[in-house]
Amino acid sequence: RKVTDVNTAMINLVTREREVTQQGEDVKKQIHTQSQLIINLVQQSERQLVQQVDTAVQQKIQLLTKQKEEAETVLKQLKDCEEFVEQSLKLGSQQQILREKQNMVQVMRTVNQDVNPVV
């Protein structure tokens, strides 16, 4: 009877050992599955954040490019005005300069209005 009891106990221990081993494998699989889900979510968040940064950078670059173009336009206008005034002073008579004064004042007002938003 003792032999039978010991054999039964051994069978129960082997069975329990298999169950524990299987449970351990099941837990490992669950851990792996959950880890993969978390990794996928983090990667998705990373892609979204990178896209948001790319969009923000692109918008700012577009704005800066527009401001640069506006500044270049204003600079050209200022250089044209400066050149015109220099030529008028060099070549024009006092009457011609006085006649052009009103026109130049208006041009300078326009240029100044263009300069203020850019600066």
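Which helix is glutamine 106 found in? Keep that in mind; the tour ends there.

**Before you click**

This is a predicted model, in which local features need pLDDT of at least 70 and side-chain atom pairs count only at pLDDT 80 or more, while totals for chains, interfaces and linings use all residues. Residues are numbered from 1 along each chain as its sequence is written, and side-chain values use heavy atoms, with hydrogens and water left out.

**Stop 1: the whole chain**

Show the chain as a cartoon and zoom out. You'll find two helices and zero strands; helices (H or I, at least four residues) and strands (E, at least two) are DSSP runs, numbered from the N terminus. Switch to the C-alpha trace: along its principal axes it spans about 135 × 20 × 10 Å. The radius of gyration of the chain is 42 Å, whereas a compact globule of 119 residues would have one near 14 Å. That radius is taken over C-alpha atoms, and the globule rule is 2.2 Å times the number of residues to the power 0.38.

The accessible surface comes to about 10700 Å², with 57% of it belonging to carbon and sulfur atoms (Shrake-Rupley method, 1.4 Å probe; for residues, only the protein chains shown count as cover).

**Stop 2**

Select Arg1 and Asp5. Their side chains meet in a salt bridge (2.8 Å, N to O), a term that needs a side-chain nitrogen of Lys or Arg within 4 Å of a carboxyl oxygen of Asp or Glu. By this rule the count comes to four salt bridges. Arginine 1 counts as exposed because its relative accessibility is 74%, and aspartate 5 is partly exposed at 39%.

**Stop 2: along helix 1**

Next, pick Arg16 and Glu19. Both lie in helix 1, three residues apart, about one turn of the helix, and their side chains meet in a salt bridge (3.3 Å, N to O). Glutamate 19 is partly exposed at 39% relative accessibility, and arginine 16 is partly exposed at 44%.

Then move on to Glu25 and Lys28. What links their side chains? A salt bridge again, at 3.6 Å, N to O. These two residues are also in helix 1, three residues apart, about one turn of the helix. Lysine 28 counts as exposed, with 53% relative accessibility, while glutamate 25 is partly exposed at 36%.

**Stop 3**

Isoleucine 61 has its place in helix 1 (residues 2–91) and counts as partly exposed, at 48% relative accessibility.

**Stop 4: helix 2**

Finally, select Gln106. Here's the reply to the opening question: glutamine 106 is found in helix 2 (residues 94–118). Glutamine 106 is partly exposed, with a relative accessible area of 43%.

How values were computed
Buried < 20%, exposed > 50% of the residue type's maximum accessible area, 1.4 Å probe, protein only.
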